[in-house]
Amino acid sequence: MPLFWKPYKSDVTQFIEQLKAQKPTLEAEQRAGRGLLWDRHIDRSAQSEFRDARVEQQPYVYQTKSE
């Protein structure tokens, strides 16, 4: 091993580091975008009502009931 050995960085890592250096607001924009879709509070009472109102699906969906 050489005396001044440089640790390996993949092309993807170098690309991401370069992108973050060019656009420093990138991470904040990503977090804001995630907040729009994923970081939401769940209404537990509404979820339980939806679960209770669900109608069971019959085993063979396209078969008509012959009762």
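Predicted model: local features only at pLDDT ≥ 70, side-chain atom pairs only at ≥ 80, totals over all residues.
At 38% relative accessibility, Lys20 counts as partly exposed, a label that lies between buried, under 20% relative accessible area, and exposed, over 50% (1.4 Å probe, protein chains only). Residues are numbered from 1 along each chain as its sequence is written, and side-chain values use heavy atoms, with hydrogens and water left out.

Lys20 forms a salt bridge with Glu27, their closest N and O atoms being 3.3 Å apart; the term salt bridge stands for a side-chain nitrogen of Lys or Arg within 4 Å of a carboxyl oxygen of Asp or Glu. Side chains of opposite charge can pair when their charged atoms come close. The structure holds five salt bridges, and another of them joins the side chains of Lys23 and Glu29 at 3.4 Å, N to O. Salt bridges that share partners also link Lys20, Glu27 and Arg31 into one network. Glu17 and Lys9 meet in a salt bridge as well, at 3.2 Å from N to O, with Glu17 partly exposed at 39% relative accessibility and Lys9 partly exposed at 41%.

Seen as a whole, the protein has three helices and zero strands, where helices (H or I, at least four residues) and strands (E, at least two) are DSSP runs numbered from the N terminus. The radius of gyration of the protein is 26 Å, well over the 11 Å that the globule rule gives for 67 residues, so the protein is more spread out than a compact globule; this radius is taken over C-alpha atoms, and the rule is 2.2 Å times the number of residues to the power 0.38. Along its principal axes the C-alpha trace spans about 85 × 30 × 20 Å, and buried residues make up 3% of the 67 residues.

On the surface, Val12, Phe15, Ile16 and Leu19 form a nonpolar patch with about 350 Å² of accessible area together. Such patches are made of residues with over 30% relative accessible area and no salt bridge, nonpolar side chains (Val, Leu, Ile, Met, Phe, Trp, Tyr) being joined within 5 Å and like charges within 9 Å, and accessible areas come from the Shrake-Rupley method with a 1.4 Å probe. Val12, placed in helix α1 (residues 11-22), is exposed, with a relative accessible area of 55%.
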